[in-house]
Amino acid sequence: MGVIFCLQIMQGLLDQYTVAGNSKALDTVVKMANYFSDRVMNVIQKYSIERHWESLNEETGGMNDVLYQLYTITVNCHVLQV
């Protein structure tokens, strides 16, 4: 599953929470953010921080927006580590 597809799912889940109050959607998007955070930490540990920075050159910026929205809802700094 590509990052763009995951990004769209995460945004949709956030919309479900903010518009409809769906707490299951919020739980799911938090789990997805934790998964991506763990993957980023694995890349940094296995390769280097530079490798992670290189991957950010391909990111469209949408993931940052979703994670900032998620942070404003959860106030969980862990989601900002992605």
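Modeller: Before we start, a word on burial: I call a residue buried under 20% relative accessible area, exposed over 50% and partly exposed in between, using a 1.4 Å probe and protein chains only. This is a predicted model, so local features need pLDDT of at least 70 and side-chain atom pairs count only at pLDDT 80 or more, while totals for chains, interfaces and linings use all residues. Residues are numbered from 1 along each chain as its sequence is written, and side-chain values use heavy atoms, with hydrogens and water left out.

Colleague: Great, thanks. How many helices and strands are there in the chain?

Modeller: The chain has four helices and zero strands, giving the pattern α-α-α-α along the sequence. Both kinds of element are DSSP runs numbered from the N terminus: H or I over at least four residues for helices, E over at least two for strands.

Colleague: And how much of the chain is buried?

Modeller: Of its 82 residues, 24% are buried.

Colleague: Which residues have the most contacts inside the largest nonpolar core?

Modeller: Met10, Val29, Met63 and Leu70 do, in a core of 16 residues. Helix H1 (3-20), H2 and H4 are the elements giving two or more residues to this core, and H2 gives the most, with seven. By nonpolar core I mean a set of buried Ala, Val, Leu, Ile, Met, Phe, Trp, Tyr and Cys residues joined through side-chain atoms within 4.5 Å.

Colleague: What is Met10 in contact with, leaving aside its neighbours within four places in sequence?

Modeller: Met10 meets Val29, Met32, Ala33, Phe36, Met63, Val66 and Leu67. A contact here is heavy atoms within 4.5 Å.

Colleague: Staying in H1, where does Leu7 sit, buried or exposed?

Modeller: Leu7 is in helix H1 and counts as buried because its relative accessibility is 12%. The C-alpha atoms of Leu7 and Gly62 are 7.0 Å apart, although 55 residues separate the two in sequence.

Colleague: On to H2, then. Which of its residues are buried?

Modeller: Quite a list: Ala25, Leu26, Val29, Val30, Met32, Ala33, Phe36, Ser37 and Val40.

Colleague: Why does Val30 count as buried?

Modeller: Val30 makes the list because its relative accessibility is 19%. Not counting residues up to four places away in sequence, Val30 touches Leu70 and Thr74.

Colleague: What caps the N-terminal end of H2?

Modeller: Asn22 does, through a side-chain oxygen 3.0 Å from the backbone nitrogen of Lys24.

Colleague: How far apart are the end C-alpha atoms of H2?

Modeller: They are 35 Å apart, which agrees with the 34 Å that 24 residues should span at 1.5 Å a residue. The expected span is 1.5 Å times one less than the number of residues.

Colleague: Switching to H4: which residues are buried there?

Modeller: Met63, Val66, Leu67 and Leu70 are the buried ones. Viewed down the axis of H4, they fall within an arc of 95°, so they line one face of the helix. That arc is taken from the directions from the helix axis to the C-beta atoms.

Colleague: Which residues are exposed on the other side of H4?

Modeller: Tyr68 and Thr72 are exposed there.

Colleague: Last one: what follows H4?

Modeller: Val75 does, with a positive phi near 50°.

Key: Polar contact = N/O pair within 3.5 Å; in protein donor to acceptor, adjacent residues only side chain to side chain.
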